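Reader: Hello! Could you take me on a close look at one part of this structure, and show me how that part sits within the rest of the chain?

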Amino acid sequence: MVKTSAPPKKKAAYTTTVFMKRLMAWSGIIFIVYLLLHAYGNTHYFQGEIAYDHYAVWLRTLLEPLLPYGGMLWILRVVLVALLLAHVISAFHLWFRNRKARGTDKYEVKKPGADYFASRYAMRTMRWGGVILLLFIIWHILQFTTLTLTPGGEYVHGRAYANMYYGFQLWWVYLIYLVALTALCLHVWHGVWSALQTLGATRGNTIPLIRLIAFIVAFGLFLVFMSVPTAILFGWVDAPMAAADYYPQFCDAIGSASEQFAHCAAY
Ligand code: HEM
């Protein structure tokens with residue numbers, strides 16, 4: 001009789017796991033590239049209100065007239081949602097597979113060495129960190145994109161500088177970002193290391209370098225992202241201008257894009 005099913009099934013499961021690990025690694029890496037650009041973009045805040053809001057408009061006029069106003073931003077949003085889905089689905093897949101493989105955890109106490117605890121700790125931090133980040137992204141979009149939640153003042157579409165300024169006057173909004181950015185930092189620190197390991201970059205002498213890269217990327221993101229809320233909370237940046245002073249300067253700075261802003265028609 002011909003033997004059939006068992007080996008191919010195992011092979012398929014192995015292939016899916018390898019695919020999911022790579023999917024998680026690549027989606028995570030591309031996400032980090034986005035975050036590095038986002039963190040760099042936020043530093044325009046220190047150039048003042050007009051410069052920062054001009055930068056927000058520039059993001060929407062990219063590749064015009066090939067794309068309509070805001071087209072590039074929509075492409076970015078679709079890519080980010082796809083990446084997030086890929087990252088979360090692969091995380092769930094690997095988590096379920098791990099649980100199934102470990103069964104009732106009957107092997108858990110067999111190797112309670114330092115490495116074992118370190119990896120269990122990292123895994124837990126990754127999971128909880130991931131959940132905190134998901135909740136944060138929802139909060140963040142409701143606060144700064146849809147302007148559904150407007151703590152600290154009356155937010156206005158297009159006045160990104162002022163919206164951020166109002167929000168970070170409040171210590172609890174600052175705290176939300178501090179917690180989320182701490183979670184992000186730990187997530188990225190372990191994530192960069194894991195991703196590069198999955199992709200085969202950790203071989204003998206490259207390990208110290210990879211550890212250094214993971215550390216610099218994670219803590220760099222934390223420091224750059226937190227610099228703006230911290231400067232706002234401690235009053236190190238100028239308050240937003242009154243509408244009558246702001247719109248003439250803003251509308252002038254953004255040129256033809258001013259057609260997109262009803263306020264500019266009045267000036
Ligand atoms: C202190 C940290 C941060 C600040 C002050 C900040 C600020 C902002 C602001 C003002 C916008 C709207 C920009 C605009 O409409 O032109 C924005 C968009 C966005 N931020 Fe952040 N951000 C921070 C951290 C993060 C982090 C850690 C993530 C992801 C984990 C993130 C993800 C996003 C996304 C996905 C958008 C685009 C939303 C959209 O318009 O569709 N941000 N951020």
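Author: Happy to. One definition comes first: a residue is buried if 20 or more other C-beta atoms lie within 10 Å of its own, exposed if 12 or fewer, and partly exposed in between. Please keep in mind that this is a predicted model.

Phe250 lies in helix H8, and because it has 24 C-beta neighbours inside 10 Å, Phe250 counts as buried. Setting aside residues up to four places away in sequence, Phe250 touches Ile50 and Asp53. Further along the chain, Cys264 is 14 residues from Phe250, and their C-alpha atoms are separated by 8.4 Å.

As for its shape, H2 has 13 residues and reaches 19 Å from its first C-alpha to its last, close to the 18 Å expected at 1.5 Å a residue.

Leu63 is found in the loop between H2 and H3, and its phi is near 60 degrees, a positive value in a residue other than glycine. Leu63 counts as exposed because it has 10 C-beta neighbours inside 10 Å. Pro65 is found in that loop between H2 and H3 as well, and a cis peptide bond, with omega of about 10 degrees, joins Glu64 and Pro65. A positive phi also turns up at Leu147, about 55 degrees although Leu147 is not a glycine. Leu147 lies in the loop between H4 and H5 and is partly exposed, because 15 other C-beta atoms lie within 10 Å.

H5 is mostly covered, with 8 of its 8 residues buried. These include Tyr161, Met164 and Tyr165. Those three are among the residues with the most contacts inside the largest nonpolar core, which has 30 residues; Leu184, Cys185, Val188 and Val192 are also in that group. H1, H5, H6 and H7 are the elements that give two or more residues to this core, and H6 gives the most, with 12 residues. Val192 shows some of the packing: leaving out residues up to four places away in sequence, Val192 touches Ile32, Ile213, Ala214, Val217 and Ala218. Apart from this core lies another, of 5 residues, among them Val57, Tyr246, Phe250 and Ile254.

Tyr177 is found in helix H6 and is buried, because 22 other C-beta atoms lie within 10 Å. Tyr177 and Met226 are 49 residues apart along the chain, yet their C-alpha atoms are separated by 7.8 Å. In helix H7, the place of Leu223, the surroundings can be counted in the same way: Leu223 has 13 C-beta neighbours inside 10 Å and so counts as partly exposed. Leu223 and Cys185 are 38 residues apart in sequence and 9.4 Å apart in space, C-alpha to C-alpha.

Stepping back, the chain has 9 helices and 0 strands, and buried residues make up 19% of its 267 residues. Of the contacts with a separation of 6 or more, 69% are between residues 24 or more positions apart. As for confidence, the chain averages a pLDDT of 89, and 88% of the residues score at least 70. Confidence is lowest in H4, at a mean of 84, and highest in H5, at 98.

Note on methods. Residues are numbered from 1 along each chain as its sequence is written. This is a predicted model: local features need pLDDT of at least 70, side-chain atom pairs count only at pLDDT 80 or more; totals for chains, interfaces and linings use all residues. Helices (H or I, at least four residues) and strands (E, at least two) are DSSP runs, numbered from the N terminus. Two residues are in contact if their C-beta atoms, placed from the backbone, lie within 7 Å. pLDDT is the predictor's confidence in each residue, from 0 to 100. The expected span of a helix is 1.5 Å times one less than its number of residues. A nonpolar core is a set of buried Ala, Val, Leu, Ile, Met, Phe, Trp, Tyr and Cys residues joined through C-beta atoms within 7 Å.
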